Amino acid sequence: MKAGNKDLRIVAEYALMMLRTQPEEVQRVATMWRQIADEQTDPGGRAGAILNIASALDHGTTEDRAQAIAMTDRALALLGPKHPQAAAIYLSGAQRLILSGDPIAMRKALEYLHIALAVPKTAGGRDVLIGILQGYSTVAPIGADFSKLPKAQRIFDRLRKSRLRGTEMWPAYVAMIRLFSDRWKMEGHRPSFGKAIQFGAEALAQLDVIAPGRGFQRASLQLAHALLLLERNEHDGSEADFDAAVALLREAATTDQKRGTVLNSLALALMDPTSRAPTQAEFDEAYATLEAGLACSDDDEKVFLKWSMANWHLLAYQRGGAIANLDRAIEAIEIAAEDRANVGNKILFAAAHAYHDRFTATRSPDDIDRAIEFAELGLTSSNEQQPERWRQEVTAANVYQERALHGRSAFDSEDAARAAALFQRAIDRLPRDSIQRESTVGGAIGSLVERWLINPEPRLMDAAAGLARMLPDNANGVRRLIPNVALNLATFHIERGISEEARVEWIALIQEIASRHSGDEAGRIAANNLMHLHVGRDWSAVIDAFAILTGQRSRRLAAAQGTRERSMVLRREQSVAALAGLAYVHLGQADAAVRLIDESQAALLLGDDRRDCESDVLWDTFDAVLYPVHTRYGAYALVATPLGVSGLLLPEIDFPLPALATPSKTETLEAAAALLSSAFPVALPKRLLVVPAGPLGQIPWAAVGYQEQRVLDQASVVVLPTRYLWRGGQPPDLTNVLIVDASTAVPDRPLRHASAEARQLRYWMPQGRDLKHENLSLAAVVDALSESTTAHFASHGISEADEPMASRLLLTEDEALKVSDILGTDCSRLSLVTLSACQTAVHGDDLADEFTNVAAAFVSAGARCAIGSLWNVNDIAASLFSRRFYWLVKQGHEPRDALRQAQLWLRDARNGELLAWLTTLEPDIDDSEQRLRDGLARSVNQIGFADMRYWGAFVCYG
C-alpha cells in the first residue's frame, strides 16, 4: 500500500472512531472506506474495509443502516462461512438486524447466528463467542427456534472450561439462563427448566469467587434465579424453592441499582396464592415491600409497582378484605393501563380480572362489559405466540363465562361458546404435565358444568367428560390438584351420575376443600355445593356447610366499610339461610330455624344492631309471628307464639314468585293462602307479624285469601324483614310533622292529587315543616328528618332491583332521597313515616336474604313504623288512602289498625260514601280535587276501588 493510502487509512480509522460524537460525518467517512476497499486486492482486506463502511453507516439514517446490512452480506460473500473472521462478521450483522426490530430482519439475524454458532474456528476470542450467545438468547425466543441450543451449550461449555473472567462470566451465564428458561416457557421442555435453574445457581457461586462485590450483576442474577425458583415452586409446590427465592430477593433488594424492580418481585412472591396461600405476615410484608419500592423507584419502576399494589388490593379482597380494595385496584390498574408502552399488554388482562372480581360483588353489568372490553383489547393487541398467551386466553374465557351466566340476559350462548373456545385454545398451548394445564382444564370443566346446570344438554356433559380424561379420575388422585380444579372435577363426577360409593368419596373431597379453605372462594363454593348435595340425605351436614358460609360472610361484613360495601358483600356471600332453615325444620329444631332467619335476613339494614326480640313486650303487641319460606326443595312455615315455635314442611306448595312492583299473580296468592291455612288451620291470630323470607316479601299478605275472606278482614298485619327491626308498638307522635310535597318532581307525570292530600294533613297536624317547590332539596329533607316526629312523603318512588341502595324517592328533577341516604340519617325521633309513593316497599331479587327498600330503610334508621307500597298505586287511590289513614291515626288508632281500616274503607266503600266523607273535610279544594269529587258524584252507587291494585299495595313495617 502506498504511503498516501496508509495516511488515508489512519485518517479513516480515526474518523470512524469519532462518528459517535460527529454523526454528521457519516457519508464522508463511508466514502473514505469505500476508496480503501476499492484499492484492496486481498479478499480479507477488502472484506475488512467493507465492514468499516458498514460501521460508519450504522451512525446514519434508517436507509444508511439498511445499506450497512447489505455491506455485511458483501463482506461475508468475500470471506466465506469457514473463515476465522466469519463468526465475528455474522455476529455484527445479526446485531444490526436485531436493532432494526423488523420481523423479517429478526429471522435473518437468527440465520446469521445459526451460521456463527457452526463456525469451527472463531477469531476474536471469547468476546465474540459470548456476543453470539447473547444475540442467540435474544432472537431464538422471538423466532421460537431453539434448534441450535445444543451448539450454544457446547460453546458455553468451552467458555466455562477456559476460566471466564468476571466481566465475561455474567453475560455468558445470563444468555444461557435466558435461552433455557425461554425454551421451557415456550415448549414446556422440562429438562431446559432444570438447566436454567442449574446455571443460575452456578453463576451465583462463580460470581462470588471470580468477581466478589459486583452488586448490580449479583442482584440481577439473584432476581433471575429467584423467579425461576418461584416458577418451579408453582409447578412442584416445593417450600424449599419458595424460601430460597424469597431469601435471594431480600438480599438483592439491599443493592441500590433497580431496587424497585427487585422489591416488586419480592412483593409478588410473598402475596402469590398460586401454589400456596400466603400467611397474613407474608401478605402484610408484601404491602410494606411495595410501599418501600414506590418510595425508592424511578417513574418506570413505579408503574409496575403500582400495578402490583393493585393486585395486592385484589387479593386482599379475595382474602376477605373490604370491597373498597376492589375500587382501589381498579383505579390503579386504569391508570397503569394508560402507560401500556412501558408496562405492556399484561395490564389489560389485569384490568379485565379486576372488573370481573368487582362484577361478582356488584353484579353491575357495566363492570362485566368493561372486563370483556379489556380482555378483547388484550387479545387483539398481544402476540399469539408469546409464552403467556394461555393465561390471557383463560382470563378472557372466565369473563366471557361470567357474562354468559350472569350478564344482562338470563343466558348468553354466544358468550358461552366464546368462553369454551378460549379455554380450548389455552389447553392446546400447554404442556401435558404442567400444573397450568391442569388448572385450565379444570376451569373449562367447571364452565361446562355451570352451563349444564342451567340447560342440561348432553353435549355439555360429553365435552366435560372429554376434558376430564386429561386429569385423574378418582378422588385420591384429584386431591393433589389445586382446590378450584379439584372442586370442579368433584362436581362434574357427581353431576354426571355415579355409584353411591363413588359419590361418597367425591363429597368427602368437597368437604375437605370447604374445611381447609373456609376463608377463600374455593371454600365458599365448596360449602355452597355441600349444602345442596346433602339435601334429603344428611340435614346435619347441610347445617355444618352453612356454618362455613356464615363464618366467611361475617368476616367480610366486619371488614366492609359502609352500606355500599355491605351490599356488595351480601350479593357475593349469600348465606342460603332459607335452605339451612329447612334443614333445621327436618331436624325438629324450629326455634333454631327462626333464629337463623332473623339473624340472616336484612344484614344490610341491621349492621351489627341486634335487639332482644323475645321480650314480653313483643307478645303484648302480637299474637303470632309467621315466617313463610320458599326454597327449591319446597316451602315451609315457622310459627312463633308466646307458647313456643313450630315448623311445618309444605313440599306440595309451589310458589310462582311474584314479579317485582306489580300486584301478585293469582297463583302466588293461592300458594300464600295454602301456606296460611296450613300454619293456622283453625283461625288467624288477630295481631299478626309476618317475616317473609326473601322474595316472599313481595306478596301483599293482607290481601291473601283465608277461609272465604282475605287476611285484612280478620287480622291486622305488620311485615318486617326480621324481628330485630321491630321497635315497639307505641302510638305515633304527631307534634312535629314533616310534609314533603314532591308532586312535580317529574314534570310530565305530576301527582295531581298530592296537594289536596298535603293540605289536609297539615290542617289536621298544624305543627311541623312543609317542604315543596323551591324549599325542597335533599339537604333540607335530611335535615328535617332528624328533627321530626312524623314524616309524610307525597312523591314518585323508584325501586332498583339490582341495586337496592339506590331505590329512592324523587324530590326534584335532579335530586332524590336514596336508601343509602336514609340509612345514613338519624331517624330515631320519627314515630311514623308514610310514603304516599310507588314501589317504596319493593325490595330487589338479587340479594336472596335481603329485604331492603325505602320503607324498611326508615325503620332501620330508627323510625318506629313506616308505611310503604308494593307497586305503582293510582294517584287518586293513594290520596284517598293517605287521608283516611291519618284521619284514623288522629282518632287514636295504631298505624297497623289504621292501615287495615283504611284499606277496608277504600276497598268496600261506594263512591257516594267516599264523596260524603270528603265533603266533611275542612281545607279549600283545588281543581284536581273538584274533578275527583265530580267524578264520584256521577257514580255514587259504584264501588270504584274494589280491585286489589288500588288498596292491596300498602304495607305496615313496625
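Colleague: Which residue forms a salt bridge with Asp 241?

Modeller: In this predicted model, the partner of Asp 241 is Arg 232, with the closest N and O atoms 2.7 Å apart. The general idea is that side chains of opposite charge can pair when their charged atoms come close.

Colleague: Is Asp 241 buried or exposed?

Modeller: Asp 241 has a relative accessible area of 8%, so it counts as buried, the cut-off being under 20%. Arg 232, at 26%, is partly exposed.

Colleague: How many salt bridges does the structure hold?

Modeller: The structure holds 40. One of them joins the side chains of Glu 373 and Arg 370, at 2.9 Å from N to O. Both residues lie in helix H19, 3 residues apart, which is about one turn of the helix.

Colleague: Which residue forms a salt bridge with Arg 418?

Modeller: That is Glu 376, with the closest N and O atoms 2.8 Å apart. Arg 418 lies in helix H21 and Glu 376 in helix H19, so this pair ties together parts that are 42 residues apart in sequence. A network of salt bridges also links Asp 366, Asp 369, Arg 403, Arg 408 and Asp 415.

Colleague: How should I read the nonpolar core, and how many residues has the largest one?

Modeller: In soluble globular proteins, nonpolar side chains tend to be buried together. Here the largest nonpolar core has 237 residues, and Phe 858 is among those with the most contacts inside it. Helix H18 gives the most to this core, with 10 residues. A second, separate core has 103 residues, including Tyr 112 and Leu 129.

Colleague: Which residues are in contact with Phe 858, leaving aside its neighbours within four places in sequence?

Modeller: Among them are Leu 785, Phe 793, Ile 822 and Ala 866.

Definitions and conventions
Residues numbered from 1 in each chain as written. Predicted model: local features only at pLDDT ≥ 70, side-chain atom pairs only at ≥ 80, totals over all residues. Heavy atoms only, no water. Core = buried A, V, L, I, M, F, W, Y, C linked by side-chain atoms within 4.5 Å. Buried < 20%, exposed > 50% of the residue type's maximum accessible area, 1.4 Å probe, protein only. Helix = DSSP H or I, 4+ residues; strand = E, 2+ residues; numbered from the N terminus. Contact = heavy atoms within 4.5 Å. Salt bridge = Lys/Arg side-chain N within 4 Å of Asp/Glu carboxyl O.
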